[in-house]
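The following exercises concern the structure shown below. Each task is followed by a solution in steps.

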Amino acid sequence: MIKRKSNQLGSALYRTFIFPFIRMGTELKTHSIMMPKSYFHKGTIFEGHHYIGKQVYLSNVKVGYGTYINDRGDFTNVKIGKYTSIGTDVGSLLGTHPTHTFVAMHPAFYVKDPGLSLNYSDKDAYAEYVYLKDDPNYQISIGNDVWIGSHVKILQGVTIGDGAVIGAGAVVTKTVETYGIYAGVPVQKIKSRFSE
């Protein structure tokens, strides 16, 4: 417990006193605007000319050229294309629970090291995380020139095609076609932006 608390204190000090200079250096290097309280981990790649809003959290994210992410975005293991526009409070939803294969759904029963304070499994008996087949470094792929409205949640394993539109408040549970307009919970195709 002492180790965990000291790690939390070290992280808070790093974010407060050191990271603002790293963010400023990244802004200058990539010709981007990164608002206060935005944070990114090592492994995040910026192609340049971005706008990253307040309280945006990025971990292992590739952000394509010219893309903007509005306030309170939360993305982990996501590949985002060029010129994509992402609204406020959009985030990735990673991990699943075994609703049909195990009686208990708590990770302590089926994952060897769930990172929790207790554990009953000596092996990983359930794959919680789904990665993209064509790029196993990422769990979600968002194409080029995509528009995503505010409060959208995107589940792991999903690919959003180039030029797609996702309406505000949608929950993206499946692949979104290129140049399609989608909305709803779960997301459904409304129409295509253009004819064939």
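**Exercise 1. Identify the residues with the most contacts inside the largest nonpolar core, and the elements that supply it.**

Step 1. The largest nonpolar core has 31 residues; such a core is a set of buried Ala, Val, Leu, Ile, Met, Phe, Trp, Tyr and Cys residues joined through side-chain atoms within 4.5 Å. Buried means under 20% relative accessible area, exposed over 50%, and partly exposed in between (1.4 Å probe, protein chains only).

Step 2. The residues with the most contacts inside this core are L58, I142, I148, I154, I160, I166 and V172.

Step 3. Two or more core residues come from each of β2 (39-40), β5 (57-63), β7 (74-80) and β10 (140-142). Helices (H or I, at least four residues) and strands (E, at least two) are DSSP runs, numbered from the N terminus.

Step 4. The model is predicted: local features need pLDDT of at least 70 and side-chain atom pairs count only at pLDDT 80 or more, while totals for chains, interfaces and linings use all residues. Residues are numbered from 1 along each chain as its sequence is written, and side-chain values use heavy atoms, with hydrogens and water left out.

**Exercise 2. Give the strand order of the open sheet of eight strands and examine the pairing of β16 with β17.**

Step 1. The order is β1-β4-β6-β8-β11-β14-β16-β17, with mixed pairing. Two strands pair if DSSP finds at least two bridges between them.

Step 2. At the edges are β1 (33-34) and β17 (188-192), each of which pairs on one side only.

Step 3. Strand β16 (residues 180-183) pairs with β17 in the antiparallel sense over four bridges, and A183 stands opposite Q188 in β17.

Step 4. These two strands form a hairpin with four residues between them. In the turn, G184 has a positive phi of about 105°.

**Exercise 3. Is G161 buried or exposed, and is Y110 buried or exposed?**

Step 1. G161 lies in the loop between β13 (159-160) and β14 (165-166). Because its relative accessibility is 10%, G161 counts as buried.

Step 2. Beyond four places in sequence, G161 touches G143, V146, V176, E177 and T178.

Step 3. Y110 is placed in the loop between β9 (91-93) and β10. With a relative accessible area of 0%, Y110 is buried.

Step 4. Among the residues that Y110 touches, those up to four places away in sequence not being counted, are T96, H97, P98, F102 and Y126.

**Exercise 4. Is L9 buried or exposed?**

Step 1. L9 lies in helix α1 (residues 2-30).

Step 2. The relative accessible area of L9 is 53%, so L9 is exposed.

Methods
Contact means heavy atoms within 4.5 Å.
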